[in-house]
Amino acid sequence: MTNITRRFAMMLAGAAGLAALAAPAFAQDSKFYSGAPRTYLYNPDTEVCFKDTSEYKKDGPYTIGFSNAGLGDSWRVVMLHSLQKAAAGHKDQIGKLIITDAGHDDAKQVADMQDLISRGVDLLIVSANTQQALDPAVQQAMAQGIPVVMMDRRVASDDFVTFVTASDAMMGRLFAQWIAEKLNGKGNVIMLAGQAGSSPSENREKPAREVFAQYPGIKVLETVYSDWSPVKGKQVMQAMIAKYGKDINAVWSAHGLQTPGSIEAFIEAGYKDGEIPPHTTADVNGPLQMAIKHKVPMLEVGYPPAMGGISIEVALQVLAGAPVPCIYTINSQIAVSEGDETQSIQTPLRLTDMVVPDGPADMLITGGMGQDYDPKTYKVDYPQ
């Protein structure tokens, strides 16, 4: 087989894999996008990077290690449950799934990874606490012939097999473009970021700033960090409202975890329904409920915790020796509040299509865990 023919075959196999794993939790409703990932279809490059994983092909059953950065918020809990559920569905292939929790401590996660390597895992799934600190540990695993699948949070280098994610860059850009167009190119923005130093937040912030820089009339007043918490999100936004008041024209929020706190801060500051500035959000039910109730212009771009389960599927592809994309981007659903589409943000979905009106505010609507899922009581018999 020639190199060109081989690469074409790899691209076909990878594209098929992308489509097969791209189906979102909402696929039963024709309103929701269920095709191949947009980031793949609209990629302007003539070639997309694929990895040949034939060197990792081996017979099962496999021992897979998952080094988790931590469980500091509800998104990460649902992501972990998604991963466990997928492993439980593949007991014929997975003999053991070993899960470690670093508690968002870099040194602990490095030690966790070294322990998993010493236990002879066939593959490592890693969600890195920070990009730089975990790089040496990932490189150590790869050097020892243990394939590494990054998920949600990657390391700084490209020394891993594949990265399972939704597109942080797309989220950051769409959030910023929507705000710029909602404000007609002129206004003041607070950037309500996630955790300082975490790759999802940084990888959304930078593209957003690049978009805002194209609009001389848009000014980012400050970037503040919420640690992905509605409580801290409220605290920092209260400080911003006290400092800038009505000069705040929009809030760019890196995710939905902190968005409810921001909206609460505006409500408690005396803003009436329809007066709260536009906000962005992702995945969490509460912000959608609040936006509908209080008439807050809002854009939802999902970052599905269902990627936990997808990482198991990708891991099995790697251990089967199948080619995988260098970046395995899953679908993000995009929705806006009624009447708030802009020139660039056109979507058939409205917040009312995605919200669960009577559901818990902290419910992750993009987790793919089913109607009866309760993260507080969920347990599954995965191989361990």
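Helix α9 passes helix α10 in a left-handed crossing in this predicted model. Two packed helices are described by the angle between their axes and the distance between the axes. Here α9, spanning residues 259-268, and α10, spanning residues 285-294, pack at an angle of about 30°, and their axes lie 9 Å apart. Because angles under 35 degrees count as roughly parallel, α9 is roughly parallel to α10. On the α9 side, the contact is made by T259, P260, I263, E264 and I267; α10 contributes P287, M290 and H294.

The aromatic side chains form a further topic. A pair of aromatic rings is described by the distance of the centres and the angle of the planes. A search of the whole structure finds 4 aromatic pairs. One of them joins F266 and Y271, with 5.0 Å from centre to centre and 85° between the planes, an edge-to-face arrangement. F266 has a relative accessibility of 0% and therefore counts as buried. Y271, at 9% relative accessibility, also counts as buried, because the limit for this class is under 20%. Another pair is formed by Y373 and Y378, whose ring centres are 5.3 Å apart; their planes meet at 70°, so this pair is edge-to-face as well.

Charged side chains also lie over aromatic rings. Y271, the partner of F266, has K246 over the face of its ring, at 3.9 Å from the ring centre. The ring of Y271 thus takes part in an aromatic pair with F266 and has a lysine, K246, over its face. Elsewhere, R204 lies over the face of Y303, at 4.3 Å from the ring centre.

Conventions:
Residues numbered from 1 in each chain as written. Predicted model: local features only at pLDDT ≥ 70, side-chain atom pairs only at ≥ 80, totals over all residues. Heavy atoms only, no water. Phe/Tyr/Trp six-rings, centres within 6.5 Å; stacked < 30°, edge-to-face > 60°. Buried < 20%, exposed > 50% of the residue type's maximum accessible area, 1.4 Å probe, protein only. Lys NZ or Arg CZ within 6 Å of the ring centre and 35° of its normal. Axes fitted to C-alpha atoms, helices over the stretch in contact; angles between N-to-C directions. Helix = DSSP H or I, 4+ residues; strand = E, 2+ residues; numbered from the N terminus. Parallel < 35°, antiparallel > 145°, perpendicular 65-115°, else oblique. Left-handed = near helix turned anticlockwise from the far one by under 90°. Contact = heavy atoms within 4.5 Å.
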